[in-house]
Amino acid sequence: MYIDKTFSAINDAYCIYLCIFAGAISNYISVMRLLWKYLDKMRCFRKRLTIPFLGILITCLLFVNLYMEDGYVLEEDKRQLRETPTHQLNSERYVHTFKDLSNFSGAINVTYRYLAGSPLPRKRYLTIGLSSVKRKRGNYVLETIKSIFDQSSYEELKEIVVVVHLAEFDLVWCESLVQDITRKFAHHVIAGRLLVIHAPEDYYPVLDGLKRNYNDPEDRVRFRSKQNVDYAFLLNFCSNLSDYYMMLEDDVRCSKNFLTAMKKVVTSREGSYWVTLEFSKLGYIGKLYHSNDLPRLARFLLMFYQEMPCDWLLIHFRGLLAQKDVIRFKPSLFQHMGYYSSYKGAENKLKDDDFEEDSFDIPDNPPASLYTNINVFENYDTTKAYSSVDEYFWGKSPSTGDFFIIVFNKSTKITKIKITTGTDDRQNDILHHGVLEVGEKVIGTKKGKKCSTYITLGEFKNGQVEAQEIEHKITFDIECVRIVVTASQKEWLIIRSISLWTTQPPNQ
């Protein structure tokens, strides 16, 4: 009898569970009251039924909660779908451009039109890319292409390919400009050094009715959003043409032998991590990338094409790939020369005051390890004195015998050394008493590497030292360069730049 009553109670409880499971939420409270009344009459079994009852109750409540949340999510999804602009949902171009965004390392599926030239099978050292559109006032793309070729030597031309993306939907204008380009630069087109491409309008995402961030007018938002897509398609095309990629704008003048200067900088950065090296402080001019980063950069620009201008997006891209600081070199290798912007033909007379027409005398600074026993201040470490970046080493008051050593990865023939200490705003933080030495026969110590023998080349005067024609004074291949403090000083020490010139080409 007692067993029958027990099973009866359990059956009743499960019936209630099934009712709730079926969605009888409205009867939930009344059913619970009936259940408690029923159990009140069975006081002797209440203790035995407490655990299974609580288990059933918790299960029911969890189900009800999930049911209600699912209903809310479904309604929210429907609301968002209703609020999404119809032209975005139905745009085949939008879906075509942004599909498979999870694969950031793959190329974007765009069928380009070759307007002039075609890529050669051999990869070059550098691809120079520029995007051009029809301007209301002025057109500088022919001058830019001419400057690239005129300022390069015959040997340098073998290592570059120039890609011009005519990102204009007016095909008549495109055809006219292509005729001018092929007429003026026919031999470069035939040699595979110049390509002109066009991405059809069908591949572009929606450009109207976009978000007006920063209170930009609608036409400004459309202009900069399209420009992001223009660059994305250009980057995507160039991703497998060379080892490195340089972005220029279509109204730029180049310094003489800019490629050789750039290669020196890249060689000096061997072994260090970088995403972007900057050879101009203006806009999207003179920005260097590893070509294997281009697919990711292209997709990044596409993902956020309507959010902000391209030069702002590039800052975020660099940071996401863990390059925190700007790495910019002086002198600048490229100069803005246009007077009228591609946006509405507005005046744009920006100039890079760090630009130098003849940049051939940029130092080589071969790859090396650096050591010092001077107490370094904060993050002003040794590497900042050895690069072309506008930074410096800063150490606390040095004492007699303190040193700063450069140990090359391999012995080298050096022709010239120039070292500058102090800055314009800290003119007392110079090396007041010191000598410059070069050495050979590297040995290892507990504190790093050094050479076992040294020869003095000169003394610091007014915080500077320069030695020339070193190859005629030193008979051995140099393995170390050392700065030695010969008298203690109260002032701190800034080593602003260490510049070395070698007899080896930078690519050896």
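Predicted model: local features only at pLDDT ≥ 70, side-chain atom pairs only at ≥ 80, totals over all residues.

**First stop: Phe377**

Select Phe377: beyond its neighbours within four places in sequence, Phe377 is in contact with Trp394, Gly395, Lys396 and Trp492, where contact means heavy atoms within 4.5 Å. Phe377 belongs to the loop between β10 (368–372) and α14 (383–386). Helices (H or I, at least four residues) and strands (E, at least two) are DSSP runs, numbered from the N terminus.

Residues are numbered from 1 along each chain as its sequence is written, and side-chain values use heavy atoms, with hydrogens and water left out.

**Second stop: the open sheet**

Now display the strands in the order β1-β4-β3-β2-β5-β8-β7; these seven form an open sheet with mixed pairing. Two strands pair if DSSP finds at least two bridges between them. At the edges stand β1 (113–116) and β7 (277–278), each with a single partner strand, so one side of each has no neighbour in the sheet.

Select β2 (residues 124–132) next. Nine of its nine residues are buried, so β2 is largely enclosed by the rest of the structure; buried means under 20% relative accessible area, with a 1.4 Å probe and protein chains only. β2 pairs in the parallel sense with β3 (residues 160–166) over seven bridges, and Ser132 stands opposite Leu166 in β3. β2 and β5 also run parallel, joined by five bridges; here Arg124 has Ser242 in β5 as its bridge partner.

Move on to β5 (residues 242–247), which pairs with β8 (residues 287–290) in the antiparallel sense over four bridges. Within this pair, Tyr245 has Tyr289 in β8 as its bridge partner.

Which residues of α11 are buried? Select residues 258–268 to see: eleven of the eleven residues of this mostly covered helix are buried, among them Phe258, Met262, Lys263, Lys264 and Ser268.

**Last stop: the whole protein**

Finally, show the complete model. The protein has 14 helices and 18 strands, and 49% of its 508 residues count as buried. Of the contacts with a separation of 6 or more, 78% are between residues 24 or more positions apart.

Technical notes:
Buried < 20%, exposed > 50% of the residue type's maximum accessible area, 1.4 Å probe, protein only.
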